[in-house]
Amino acid sequence: MESSSSTERVRFRTQVLARHLHQHVPSQSQSQSLHPSTCLSYSPPELSEPFDFDTRDMRKLMDGHNLEDRDWLFGLMVQSNLFCPKERGGKVFVTPDYNQTMEQQREMTMKRIGYLSDRGVFQGWLTKTGPEAELRKFAFLEVMGIFDHSLSVKLGVHFFLWGGAIQFFGTKRHHEKWLRDTETYLIKGCFAMTELGHGSNVRGIETVTTYDSNTEEFVINTPCESAQKYWIGGAANHATHTIVFSQLNMNGNSQGVHAFIAQIRDTDGNICPNIRVADCGHKIGLNGVDNGRIWFDNVRVPRENLLNSVADVSPDGQYLSAIKNPDQRFAAFLAPLTSGRVTIAVSSIYTSKIGLAIAMRYALSRRAFSLVPNGPEVLLLDYPSHQRRLLPLLAKTYAMSFAANYLKMLYVRRTPETNKTIHIVSSAFKASLTWHNMRTLQECREACGGQGLKTENHVGHLKSEFDVQSTFEGDNNVLMQQVSKALLAEFVSAKKKNKPFAGLGLEHMNKACPIVPSQLTSSTLRSVHFQTDIFCLRERDLLHRFAAEVSQHQVQGESKEYAFIVSYQLAEDLGKAFSDKAILQTFIEAEETLSAGPLKNILGLLRTTYALITMEEDAAFLRYGFLSRENAAAVRKEVGKLCSELRPHALALVSSFGIPDAFLSPIAFNWVAANSWSSVQD
């Protein structure tokens with residue numbers, strides 16, 4: 001049987017080849033009737049893709065704030081050769097030169113910072129306060145991140161980590177001495193928290209600081225190799241000062257982790273005495289950031305260099321703090337660090353927008369295969385399978401863009417009472433949004449085929465540039481477990497006090513449990529009421545299950561910590577349920593700000609696509625019975641319908657991102673001209 005099949009395949013290929021050779025040598029009469037075939041040419045999708053809503057209004061909704069400031073900064077970067085403008089296919093694009101050595105990329109980052117600083121971009125970043133100043137700073141950081149992740153990370157370390165630590169951990173004496181010089185870059189700061197042996201577990205860091213009351217100095221020491229500070233952005237080449245996180249040992253008693261200011265280089269760039277610095281070396285991305293390692297060999301700093309908003313030490317060596325409980329003191333100490341998670345979450349969504357804008361525009365101009373003999377080839381995005389790959393990711397990106405805006409507003413309007421909420425929401429969104437970004441970039445890379453592999457086309461290279469977001473400023477899996485622990489604490493407290501739930505979006509737990517219809521129609525699936533109900537049902541049920549499982553382990557004599565560890569699967573499901581529901585809620589709130597019309601209609605399609613694709617992709621909906629097999633099949637079928645309905649709006653939706661053409665890539669536009677022989681000659 002196998003031999004017969006093989007013979008048939010050989011005979012078939014022989015016939016195909018014979019027909020090909022026969023047609024290759026036509027008669028004279030035949031050849032006269034042949035005409036040269038027309039070569040492929042690029043057709044701008046704008047010629048055939050009408051916009052049914054105002055993309056400017058959509059951009060206002062998406063960006064949320066400081067649109068004019070953003071556009072000014074985009075223009076400022078395009079004007080300078082420091083941002084490597086290059087003509088491709090009749091358009092000018094700006095992008096870092098990743099062919100440069102690591103050392104060259106680092107120096108270019110600093111030159112770009114100098115250029116932007118001279119033009120007032122950083123004015124007020126540390127010396128002005130209030131929501132308006134903070135939102136302007138966020139907007140500028142987002143724009144710079146669209147150009148280059150190294151640039152935004154380098155700035156984030158200097159302003160948000162070093163500068164933010166002085167703002168929030170320090171007091172008036174620190175603000176007056178350090179903030180203005182930091183804003184003008186007379187001082188270049190870094191942030192030495194992570195160690196070789198400790199990353200997420202900040203409480204366990206091993207650097208030790210003691211106090212010498214005779215000289216009124218703190219003495220900072222790296223007692224072992226695992227205590228060396230690691231991955232410290234700015235430390236390898238440029239930073240003059242650092243915030244050192246260290247255990248404070250007073251008279252033989254550990255007072256926990258505290259932060260100190262230490263100088264690591266003089267004004268000429270020389271390493272200071274008793275400081276050792278080494279380079280972390282080449283990385284898979286972010287090579288424009290000089291990550292380094294630091295050892296402290298009994299480095300002495302003045303008593304005033306302790307950042308003392310939470311605790312202080314008197315000249316004679318008395319430890320002073322209004323917060324007596326070490327756990328509460330540690331929590332208060334780390335609370336301001338949420339700004340890092342906020343900026344990471346937001347930047348990841350702008351990166352998803354870049355990937356989708358490029359992949360979508362390419363799919364609207366690139367064709368492949370014909371449906372009928374000698375017929376025209378079909379646009380990639382007209383294939384239902386291609387729609388299914390990209391359009392749900394587009395809907396998720398819209399949803400998470402609204403979530404990112406909500407998180408920013410929550411942060412800039414923060415009060416001591418909202419610190420816990422900011423910590424939980426920023427942890428959940430940082431994990432969800434960065435995971436989404438990596439998945440989106442991978443799909444966009446594949447959707448662009450071989451062109452996605454070229455560095456100049458961005459989508460492939462962006463994966464390595466942004467991969468780090470899954471682990472820095474908190475490992476995503478650890479952050480999600482923190483979210484679940486916080487939800488459990490709220491659950492236990494409410495039950496113990498017999499009080500209604502208040503905060504963290506758990507108020508729905510005070511109502512009757514939602515009931516999912518046994519049969520889901522298209523209209524039900526598209527109902528915002530149904531979507532809210534099933535997301536709340538999922539969170540409520542998983543929280544009850546998580547609480548019951550942890551309690552069962554404790555009844556068996558196991559510690560709460562061990563109970564959390566062995567219940568990790570439910571914790572992961574619960575953390576994701578919390579995040580997904582919160583994202584859906586921010587989408588609904590954004591919709592509610594609009595009156596009826598085309599903009600609201602398209603947002604309804606996107607919101608439903610987000611809700612249904614989340615139901616389809618998360619096995620928890622089937623695993624715990626929130627959806628029956630029949631209803632899960634109905635959800636899957638509806639997603640396909642939604643993709644076909646979103647297809648006519650694809651170009652308008654990515655155009656609404658407001659990213660200038662120069663910050664996208666050649667395959668987003670005339671990819672034929674960009675790859676022509678004349679482009680090689682140029």
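**Notes on the predicted model**

1. R59 sits in helix 3, residues 55-63; helices (H or I, at least four residues) and strands (E, at least two) are DSSP runs numbered from the N terminus. Beyond residues up to four places away in sequence, R59 touches G64, L67, R70, D71, S656, F657 and G658, where contact means heavy atoms within 4.5 Å.

2. A word on how to read all this: the model is predicted, so local features need pLDDT of at least 70 and side-chain atom pairs count only at pLDDT 80 or more, while totals for chains, interfaces and linings use all residues. Residues are numbered from 1 along each chain as its sequence is written, and side-chain values use heavy atoms, with hydrogens and water left out.

3. UniProt, in an unreviewed entry, places "domain: Acyl-CoA oxidase/dehydrogenase middle" at residues 190-299. UniProt positions follow the numbering used here, feature names are shortened, and annotations may be inferred rather than shown by experiment. Over residues 190-299 the chain is 0% helix and 46% strand, with the end C-alpha atoms 17 Å apart.

4. The UniProt annotation "binding site", also from an unreviewed entry, covers T194 and G233. They are spread over 40 residues of sequence yet cluster in space, the largest C-alpha distance being 10.5 Å. Of these residues, G233 is included in the lining of the second largest cavity. Here a cavity is a set of points, on a 1 Å grid over the protein atoms alone, where a 1.4 Å probe fits but cannot get out, and lining residues have an atom within 4 Å of a point.

5. T194 is in the loop between strand 3 (189-192) and strand 4 (208-212) and is partly exposed at 30% relative accessibility. Leaving out residues up to four places away in sequence, T194 touches G199, Q228, K229, Y230 and I232. G233 belongs to strand 6 (residues 229-233) and is buried, with a relative accessible area of 10%. Apart from neighbours within four places in sequence, G233 is in contact with V157, C190, V289, D290 and N291.

6. Strand 9 and strand 10 (residues 291-296) run antiparallel and are joined by five bridges; D279 has G292 of strand 10 as its bridge partner.

7. The "active site" feature is placed by UniProt (unreviewed entry) at E473. E473 lies in the loop between helix 13 (459-466) and helix 14 (476-497), and is partly exposed, with a relative accessible area of 28%. Setting aside neighbours within four places in sequence, E473 is in contact with L161, L337, G340, R341, I344, K430 and L479.

Methods
On a 1 Å grid over the protein atoms alone, a cavity is a set of points where a 1.4 Å probe fits but cannot get out, and a pocket is an open set with protein on both sides within 12 Å along at least five of seven lines; lining residues have an atom within 4 Å of a point. Buried means under 20% relative accessible area, exposed over 50%, partly exposed in between (1.4 Å probe, protein chains only). Two strands pair if DSSP finds at least two bridges between them.
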